[in-house]
Amino acid sequence: MISRTYDTFLAPCNISIGQFGLLATLAACKEIPLAKLAEMMQMDRTTLTRNLLPLEKLGYIKSKHSEDRRLRALSLSASGKDALSKAKPRWREAQRSLEDQLGSTNVALLNRVLDFTVTQFPATTASRIRTERS
């Protein structure tokens with residue numbers, strides 16, 4: 001329900017909350033290897049590549065291959081920076097809407113629990129769980 005709230009507010013920008021997160025992460029990193037981004041986002045590379053594809057088609061992400069053609073570095077393009085800039089106010093509106101609905105104390109509590117979960121649930125555990133599901 002929370003993701004849908006963000007998606008609704010971000011819909012005029014033609015991106016989802018997941019895509020917003022990817023754009024924001026790329027903006028913070030400047031240029032980052034795909035494998036490192038996957039690690040940061042706690043996603044496997046195949047899933048990350050699939051999630052990046054629409055953003056690449058929109059021209060929001062630049063991809064640069066290294067000397068080893070199997071490795072590539074990603075960065076935000078000028079249009080990606082513009083899209084993120086336009087999406088940030090909509091994200092803030094979604095945040096305010098959630099605070100209005102749930103109360104700012106509960107939203108703060110939810111954020112603390114999620115932050116704690118990320119620090120306590122390492123990527124190796126997430127990877128093992130994905131492997132076991134397969």
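**Helix packing and burial**

Colleague: Which residues of helix α2 are buried?
Modeller: This is a predicted model, in which local features need pLDDT of at least 70, side-chain atom pairs count only at pLDDT 80 or more, and totals for chains, interfaces and linings use all residues. A helix is a DSSP run (H or I, at least four residues), numbered from the N terminus; a residue is buried under 20% relative accessible area, exposed over 50% and partly exposed in between (1.4 Å probe, protein chains only). The buried residues of α2 are Gln19, Phe20, Leu22, Leu23, Thr25 and Leu26.

Colleague: How far apart are the end C-alpha atoms of α2?
Modeller: The expected span of a helix is 1.5 Å times one less than its number of residues. Helix α2 has 13 residues (17–29), so it should span 18 Å. In agreement with this, its end C-alpha atoms are separated by 18 Å.

Colleague: Are α2 and α3 parallel or oblique to each other?
Modeller: Axes are lines fitted to C-alpha atoms, for helices over the stretch in contact, and angles run from 0 to 180 degrees between N-to-C directions. Helix α2 packs against α3 (residues 34–41) at about 120 degrees, with the axes 12 Å apart. Angles under 35 degrees count as roughly parallel, over 145 as roughly antiparallel, 65 to 115 as roughly perpendicular and the rest as oblique. The two helices are therefore oblique.

Colleague: Which residues of α3 make the contact with α2?
Modeller: Contact means heavy atoms within 4.5 Å. On the α2 side, the contact is made by Gly21, Leu22, Thr25, Leu26 and Cys29. On the α3 side, it is made by Leu37, Met40 and Met41.

Colleague: Is Ile15 buried or exposed?
Modeller: Ile15 lies in the loop between α1 (2–10) and α2. Leaving aside neighbours within four places in sequence, Ile15 is in contact with Leu10, Phe20, Leu23, Leu55, Tyr60 and Ala87. Because its relative accessible area is 5%, Ile15 is buried.

Colleague: What is the C-alpha separation of Pro89 and Phe9?
Modeller: Pro89 belongs to helix α5 (residues 78–102) and is partly exposed, with a relative accessible area of 36%. Pro89 and Phe9 are 80 residues apart along the chain.

Methods. Residues numbered from 1 in each chain as written. Heavy atoms only, no water.
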